[in-house]
Amino acid sequence: MNGVATANPHHQRWQQSLLKVRSRVEKVPPFRASGRVVRATGMVIEAVGLQAPLGSACRIELPAPYSDDPPRHAEAQVVGFAGEKLFLMPLAEVTGLLPGARVFPLGEGGNGARRFPLGEALLGRVVDGNGEPLDGKGALDEVHHAPLQTPPLNPLSRAPIDRQIDVGIRAINALLSVGRGQRMGLFAGSGVGKSVLLGMMARFTQADVIVVGLIGERGREVQDFIDNILGEEGRRRAVVVAAPADTSPLQRLQGAAYATRLAEGFRDEGRDVLLIMDSLTRYAMAQREIALAIGEPPATKGYPPSVFAKLPGLVERAGNAERGGGSITAFYTVLTEGDDQQDPIADSARAILDGHVVLSRELAEAGHYPAIDIEASISRAMTHIISDEQGQMAQAFKRLFSRYQRNRDLISVGAYSPGHDPQLDEAVQRYPALEAFLQQQINERAPMEQALQELAQALGGRR
């Protein structure tokens with residue numbers, strides 16, 4: 001009889017299901033630790049009676065709206081401690097919190113290690129800072145999950161930046177060449193066109209995968225970026241992580257870390273990844289909110305020291321893997337408040353990135369697009385990845401362009417007369433072609449070879 005029962009397929013499936021349930025039950029600890037809430041001020045909740053590591057996740061029990069309903073829970077993260085007190089910050093707005101509410105640690109064994117969806121199944125998807133889908137295309141429960149934190153790469157084992165990457169922007173390809181695995185900053189004030197320029201890069205850059213982190217921007221811009229700027233072509237090979245301005249500062253921090261972790265996952269598979277983070281400034285502001293809420297003293301322009309420690313920790317995760325492996329070429333937007341290039345976040349970002357592209361409000365207001373200020377922009381890896389011929393043409397272009405700009409006022413008032421300065425005469429003659437070279441339509445792609453040919457033409461055929 002036992003033999004007959006074992007051969008029954010329904011019985012076999014029942015046994016397999018029972019074994020799965022048993023394995024899950026065996027992982028449950030024999031007791032469940034918990035603490036209780038003793039204080040809530042602003043964004044910070046204080047709890048006692050619980051030991052949880054810094055950065056771990058907890059769940060706070062909230063009363064049900066009706067007596068017959070089960071209790072609700074709010075997720076929070078440990079952001080600090082003082083003696084026996086834990087400082088928690090919720091990932092979303094908490095309503096109905098009561099004194100003495102129970103707090104439970106998350107994760108296996110109570111270590112609070114949260115795991116996030118990664119891998120191929122996320123291509124074409126839009127998720128929030130928790131890895132939850134925002135696009136209505138179904139859950140990601142069956143996808144591979146992993147923690148956000150990864151061990152840092154040995155800097156001596158990273159592959160060097162030795163190959164140019166085509167971003168499809170004429171001015172960048174020819175004059176600010178970007179290497180595979182380079183980390184560039186896009187410095188601009190509000191409304192100068194940085195999001196549109198990022199969308200052009202996302203559509204035109206030769207990369208296997210694109211990871212876009214929209215951190216702290218307006219919620220309306222998320223939909224606009226996906227539909228109108230990224231487009232259907234870019235979205236097919238992209239993952240978008242959205243943590244808009246109305247989410248908690250923890251969500252914004254987590255969204256930036258999650259976007260970087262997604263890029264690391266694809267890089268570890270040997271792929272070339274384009275990581276776009278908009279913006280690094282909003283990430284710094286989120287860390288400032290958290291640090292000030294738990295009592296860290298402000299330093300430079302209201303930014304606590306932890307902000308300037310967090311920035312390199314995020315940026316250094318991008319770049320090349322070991323030789324023969326994948327790469328993460330990253331573009332981080334930096335918002336310069338009042339177009340101030342000496343803003344503390346802009347100044348710090350400039351020091352830790354491999355170059356910066358500055359967008360000028362003056363050019364944008366004059367209808368010059370993309371509004372790249374060639375004189376203020378630089379790519380630190382350019383000399384190692386371009387040919388001598390391209391380097392000479394780029395130097396000649398910048399020399400002529402700069403000579404014209406320095407004498408622009410004299411030319412405008414009619415005080416310039418040709419024949420006295422041969423270099424200025426050439427700059428005046430070439431300037432219309434130089435200015436036209438720097439401009440590009442939103443839907444126009446400028447491949448590498450085409451950009452170099454047009455650069456030679458702008459210089460009168462010099463090659």
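Which helices and strands each supply at least two residues of the lining of the second largest pocket? In this predicted model, they are strand β4 (72-82) and helices α6 (249-268), α7 (280-293) and α8 (305-315). The pocket holds about 820 Å³ of space. Its lining comprises 33 residues. Those closest to the centre are Gly-55, Gln-77, Gln-149, Leu-250 and Lys-310. By class, 19 lining residues are nonpolar, 10 are polar and four are charged. Domain 1 spans residues 35-105 and domain 2 spans residues 115-386. Both contribute to the lining, so the second largest pocket lies between them.

Helix α8 also has a buried face. Ser-306, Val-307, Leu-311, Leu-314 and Val-315 are buried in this helix. These residues cover an arc of only 155° around the axis, which places them on the same side of α8. An α-helix has 3.6 residues a turn, so residues three or four places apart point the same way. The buried residues of α8 pack against several elements. Among the helices contacted are α6, α7 and α9. The strands are β10 (183-188), β13 (272-278) and β15 (327-335).

Helix α9, one of these partners of α8, covers residues 344-352 and contains Ala-346. Ala-346 counts as buried because its relative accessibility is 0%, and buried means under 20%. The C-alpha atom of Ala-346 lies 7.9 Å from that of Thr-281. Along the chain, Ala-346 and Thr-281 are 65 residues apart.

Terms used
Residues numbered from 1 in each chain as written. Predicted model: local features only at pLDDT ≥ 70, side-chain atom pairs only at ≥ 80, totals over all residues. Heavy atoms only, no water. Helix = DSSP H or I, 4+ residues; strand = E, 2+ residues; numbered from the N terminus. Buried < 20%, exposed > 50% of the residue type's maximum accessible area, 1.4 Å probe, protein only. 1 Å grid on protein atoms, 1.4 Å probe; cavity = no way out; pocket = protein on both sides within 12 Å on 5 of 7 lines; lining within 4 Å. Points joined across faces, edges and corners; volume = space filled by probe spheres on them. Nonpolar A, V, L, I, M, F, W, Y, C, P; charged D, E, K, R; others polar. Domains from an automatic or database assignment. Arc of directions from axis to C-beta. Contact = heavy atoms within 4.5 Å.
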